[in-house]
Amino acid sequence: MNTKEQIEKIKNDLEAKTQNLDNMKDLNDLRVEFLGKKGVVTNLSSIMKELPLEEKKDFGKTLNELRNYVEETLTTLKEEIETRELNKRLEKESVDVTLPGTKLNVGSIHPITKIINEVEDLFISMGYDVEEGPEVENDLYNFEMLNLPAGHPARDAQDSFYINEEMLLRSQTSPVQVRTMLKNKEKSPIRIICPGKVYRKDNDDATHSHEFHQIEGLVVDRNISMNHLKGTLEILAKSLFGENKEVRFRPSFFPFTEPSVEVDLTCFKCGGKGCNICKGTGWIEVLGAGMVHPNVLKGCGYDPKIYTGFAFGVGVERIAMLKYEISDIREFYTNNMKFLEQFNVYEGGDTNESK
Ligand code: DAH
């Protein structure tokens, strides 16, 4: 083989060997095979010293061209392999930002909080504000200005935890009514609900707790009638317990409303036919309500000839117990995980999938 043929063969060899080459290791081996100390190109240069002087120059040039050619071929291939490997890696590591995130198990919403949130959402959608008041309350707001003067027999049921002569743990959320009316100097329409904790000297048993939650509602404006109260409570009942629920008013007594009513709701279990939950009556008592007493309006600076209002107070535990069929109120306060996990549902109905 003359040198020309040898060079041709090396080129063909290189071409054949790079054809299916697809990784860096093989490429490095190939570089050693062709350009290494004992590589084919290097070997060829050893012929040089045997050549006559006049051919040496040409051969040197040809050899350089060959070396450059091999270099270039291997470099191009190296770049191709690198790009291919990078793309492969990127493909593997790519993040689909449209996939939903992994949900973390962050616990569950307490059933009492769930009911409060539900009722708040409903009333906010009807234009109400959510008000809060202090849990350590003045006797004046908790009783006196709600038409329960000192010595009034209706105080007995709620006379409870006094801090001193004047201050007590509020026994109801109704004092927030007084606070809101007193605050409203310009007598603009009031539409509020006030959720919160209340305290009484009840013996703790399956249906009583010395500490529980209420949601108070108050609307004061011109021309507010009992119709508004009934319509509003019907909406509340349907929202909590589903359609086809009716509310029934029974005469009752609260010092701060006149007339006062106990409000019953069609039994959600039997739909009114009578069952063990409604004790055969078809109705379940859910809350107290009435038209704000003129004395309360007057005491808060409202002329009862111009302004009227309705109010209601609902026990949150009672609603939760009815809605979720919980038979012992103490379940709400004992942090039993098995109980709480049953409410492991995010607001908005999304279930916790990471469990
Ligand atoms: N405060 C009453 C209670 O704790 C509940 C109540 C009844 C609130 C009638 C009201 C109402 O606003 O109008 O027993």
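Reader: To begin with, is Asn-223 buried or exposed?

Author: In this predicted model, Asn-223 counts as exposed because its relative accessibility is 67%, and the cut-off for exposed is over 50%.

Reader: Where is Asn-223 in the chain?

Author: Asn-223 sits in the loop between strand E5 and helix H8, the latter covering residues 226-241.

Reader: What is the phi of Asn-223?

Author: The phi of Asn-223 is near 60°, which is a positive value in a residue other than glycine. As background, most residues other than glycine have a negative phi.

Reader: Which loop holds Asn-244?

Author: Asn-244 belongs to the loop between H8 and strand E6, where E6 spans 247-254. Its phi is positive, at about 60°, although Asn-244 is not a glycine.

Reader: And is Asn-244 buried or exposed?

Author: Asn-244 has a relative accessibility of 71%, so it counts as exposed.

Reader: Let us turn to the ligand. How many residues surround it?

Author: The ligand is surrounded by 16 residues, and the closest are Gln-172, Ser-174, Arg-200, Gln-214 and Glu-216.

Reader: What classes do the residues of that shell belong to?

Author: The shell around the ligand has five nonpolar residues, nine polar residues and two charged residues.

Reader: What lies 2.7 Å from a nitrogen atom of the ligand?

Author: An N or O atom in the side chain of Gln-172 lies at that distance from the ligand nitrogen. For oxygen atoms of the ligand, one is 2.5 Å from an N or O atom in the side chain of Glu-216, and the side chain of Gln-177 has an N or O atom 3.1 Å from a ligand oxygen.

Reader: How much of the ligand's accessible area does the protein cover?

Author: On its own the ligand has 350 Å² of accessible area, and the protein covers 92% of that.

Reader: What kind of space does the ligand take?

Author: The space taken by the ligand is the largest pocket.

Reader: A new topic, then: where does Thr-180 lie?

Author: Thr-180 is part of helix H7, which comprises residues 175-183. A polar atom of the Thr-180 side chain is 2.6 Å from the backbone oxygen of Val-176.

Reader: Why does Thr-180 count as buried?

Author: Thr-180 counts as buried because its relative accessibility is 7%, and buried means under 20%.

Reader: Which strand contains Pro-195?

Author: Pro-195 lies in strand E4, made up of residues 190-199. With a relative accessible area of 9%, Pro-195 is buried.

Reader: What separates the C-alpha atoms of Pro-195 and Glu-5?

Author: Those C-alpha atoms are separated by 98 Å, and the two residues are 190 residues apart along the chain.

Reader: What can be said about Leu-287?

Author: Leu-287 is placed in strand E8, and its relative accessible area of 7% makes it buried.

Reader: Finally, is the peptide bond from Glu-258 to Pro-259 cis or trans?

Author: The bond from Glu-258 to Pro-259 is cis, and its omega is near -5°. In general, most peptide bonds are trans. Pro-259 itself lies in strand E7, residues 257-266.

Definitions and conventions
Residues are numbered from 1 along each chain as its sequence is written. This is a predicted model: local features need pLDDT of at least 70, side-chain atom pairs count only at pLDDT 80 or more; totals for chains, interfaces and linings use all residues. Side-chain values use heavy atoms; hydrogens and water are left out. A residue is near a molecule or strand if one of its heavy atoms lies within 4 Å of it. A polar contact is a pair of N or O atoms within 3.5 Å; within protein, one must be able to donate a hydrogen and the other to accept it, and residues adjacent in sequence count only if both atoms are side-chain atoms. Accessible areas come from the Shrake-Rupley method with a 1.4 Å probe; for residues, only the protein chains shown count as cover. On a 1 Å grid over the protein atoms alone, a cavity is a set of points where a 1.4 Å probe fits but cannot get out, and a pocket is an open set with protein on both sides within 12 Å along at least five of seven lines; lining residues have an atom within 4 Å of a point. A molecule sits in a cavity or pocket if more than half of its atoms lie within 2 Å of its grid points. Ala, Val, Leu, Ile, Met, Phe, Trp, Tyr, Cys and Pro count as nonpolar, Asp, Glu, Lys and Arg as charged, and the others, Gly among them, as polar. Helices (H or I, at least four residues) and strands (E, at least two) are DSSP runs, numbered from the N terminus. Buried means under 20% relative accessible area, exposed over 50%, partly exposed in between (1.4 Å probe, protein chains only).
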